[in-house]
Amino acid sequence: AMTLAILSALPEEQHGLAALLEDTQVVARAGRRFVRGHLHGQPLVLGLTGIGKVAAATTTTTLIEHLDVQQLVFTGVAGGIGAGVQVGDVVVAQAFLQHDMDVRPLFPRWQVPGYGAAAFACDPALVQRLQQAAQACTAQAATWQDPLLGARAPRAHAGLVVSGDQFIATAEASQRIVDDLQTAAHAPLAVEMEGAAIAQVCADYGLPFAAIRTISDRADDSAHVDFPAFVERIASRYALHMVDHL
Ligand code: ADE
């Protein structure tokens with residue numbers, strides 16, 4: 001059977017998932033700890049990448065080379081930078097781009113040399129599954145009545161997510177990313193620090209990848225307060241609902 005890998009950057013983003021698995025086995029490799037098991041009879045591997053593109057790339061490579069997975073999904077949090085993408089909303093990535101990649105004037109901005117385009121497309125079938133999960137997660141979150149989620153019902157979005165080795169923590173920095181990308185007709189919904197690296201590794205191996213990210217902050221001047229509070233209190237609840245609807 002096809003083994004699905006579920007990756008997150010931080011342990012809080014996956015808290016409680018390992019406890020749902022049956023016949024688990026821990027595999028340690030490259031400083032990472034993977035948990036192999038079954039969920040509803042399906043073979044599954046859980047893994048934590050750590051933070052940033054390099055950590056995400058080495059983890060993904062190790063996972064593919066040594067744990068025999070055939071499809072990969074990332075679940076975690078992100079900063080909302082698209083219009084109307086608010087804390088508590090869920091973004092399913094349809095494509096990823098590295099917002100800090102810049103090899104001008106040799107290559108067009110954001111293009112990783114050798115790949116021919118700036119964006120890495122996610123697998124359409126996995127995207128569709130995650131969009132259904134996103135609908136279920138946001139409907140559930142609306143019943144939690146958590147003040148961190150605000151008064152408005154959480155929404156599900158799908159589109160471009162951008163990654164870079166920076167925590168975006170000022171309105172100015174997130175506006176700069178949006179404005180710069182706008183010049184090339186890219187409209188990013190969210191920013192994080194791993195997805196585009198995983199997408200690049202999966203493109204190298206020809207394996208399907210998609211990601212679901214809950215918005216923990218607006219990547220603005222309060223991001224450094226909103227992000228840890230959200231990660232601690234809410235992030236894993238979304239992950240638990242997500243796997244239920246995979
Ligand atoms: N992940 C969650 N919030 C983020 C932010 N503001 N910048 C980068 N990665 C994030």
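Colleague: Which strand gives the most to the shell around the ligand?
Modeller: That is E5, which supplies three residues, where a residue belongs to the shell if its C-beta atom, placed from the backbone, lies within 6 Å of the ligand. Strands are DSSP runs of E with at least two residues, helices are runs of H or I with at least four, and both are numbered from the N terminus. Bear in mind that this is a predicted model, in which local features need pLDDT of at least 70 and side-chain atom pairs count only at pLDDT 80 or more, while totals for chains, interfaces and linings use all residues. Residues are numbered from 1 along each chain as its sequence is written.

Colleague: And which residues come nearest to the ligand?
Modeller: Of the 14 residues around the ligand, those are Gly79, Ile168, Glu192, Ala219 and Ala223.

Colleague: Switching topic, which residues have the most contacts inside the largest nonpolar core?
Modeller: They are Val91 and Ile198, in a core of 70 residues, a core being a set of buried Ala, Val, Leu, Ile, Met, Phe, Trp, Tyr and Cys residues joined through C-beta atoms within 7 Å.

Colleague: Why does Ile198 count as buried?
Modeller: Ile198 is buried because 27 other C-beta atoms lie within 10 Å, and the cut-off for buried is 20 or more, with 12 or fewer for exposed and partly exposed in between.

Colleague: Where is Ile198 found, and what does Ile198 touch?
Modeller: Ile198 is found in helix H4, residues 195–205, and, not counting residues up to four places away in sequence, touches Leu7, Ala56, Thr60, Leu72, Phe74 and Phe209, contact meaning C-beta atoms, placed from the backbone, within 7 Å.

Definitions and conventions. Two residues are in contact if their C-beta atoms, placed from the backbone, lie within 7 Å.
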